[in-house]
Amino acid sequence: MEIMKKLMLLLFTGLMMISVTAQEKKAAITFESDVVDYGEIAYGSDGVRKFNFTNTGNDVLIVARVYSTCGCTIPKKPENPIQPGETGVIEVKYDTKRPGPIRKTITVYSNASEVPHTLKIKGKVMPESK
């Protein structure tokens, strides 16, 4: 009976050690850059830019939602999940028919963190040449 108790205790301790050392699966999003600088761009020019990122976690990354507080900036999220080690793109289109400075924030919600990730675009749209 004493041997059985010791064996059960050893088995229980071993299982506890395995569960404590098991790595938690979690996605992680790492952007090449959090800022896209348009610089000085021409009125009406191509306003599409990209934020490249990698899933540096060990679980599937799902970008649930991306948004901007301004209708002049339209972000587009990846539609498919991003596997660990794979890359993805968040595309942003700014309305370049609005001359003046560009200072906008894009908010990214994903399963990588409870806190949303913020991206920024900046630059200046030059006045329309006549």
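1. A residue counts as buried when its relative accessible area is under 20%. In this predicted model, Asn55 has a relative accessibility of 1% and is therefore buried, given that cut-off. Asn55 belongs to strand E3, which covers residues 48–55.

2. What lies 2.8 Å from a polar atom of the Asn55 side chain? The backbone oxygen of Asp59 is found at that distance. Leaving aside neighbours within four places in sequence, Asn55 is also in contact with Ala27, Ala28, Val60, Leu61, Ile82, Gln83, Pro84, Gly85 and Glu86.

3. Thr96 may be considered next. This residue lies in the loop between strand E6 (87–94) and strand E7 (100–110). Its relative accessible area is 4%, so Thr96 is buried under the cut-off of 20%. Once its neighbours within four places in sequence are set aside, the contacts of Thr96 include Ile41, Ala42, Tyr43, Gly44, Ser45, Asp46 and Gly47, and Val125 is also one of them.

4. The largest nonpolar core contains 24 residues, of which Phe31, Tyr38, Phe51, Phe53, Ile90 and Ile121 touch the most other members. Two or more residues of this core come from each of strand E1 (29–31), strand E2 (35–41), E3, strand E4 (63–68), E6, E7 and strand E8 (117–125). In soluble globular proteins, nonpolar side chains tend to be buried together.

5. Ile121 deserves a separate entry. Apart from neighbours within four places in sequence, Ile121 is in contact with Val36, Tyr38, Phe51, Thr73, Val92, Tyr94, Ile102, Arg103, Lys104 and Ile106. Tyr38 and Phe51, both in this list, are also among the core residues that touch the most other members.

Notes
Residues are numbered from 1 along each chain as its sequence is written. This is a predicted model: local features need pLDDT of at least 70, side-chain atom pairs count only at pLDDT 80 or more; totals for chains, interfaces and linings use all residues. Side-chain values use heavy atoms; hydrogens and water are left out. Helices (H or I, at least four residues) and strands (E, at least two) are DSSP runs, numbered from the N terminus. Buried means under 20% relative accessible area, exposed over 50%, partly exposed in between (1.4 Å probe, protein chains only). Contact means heavy atoms within 4.5 Å. A polar contact is a pair of N or O atoms within 3.5 Å; within protein, one must be able to donate a hydrogen and the other to accept it, and residues adjacent in sequence count only if both atoms are side-chain atoms. A nonpolar core is a set of buried Ala, Val, Leu, Ile, Met, Phe, Trp, Tyr and Cys residues joined through side-chain atoms within 4.5 Å.
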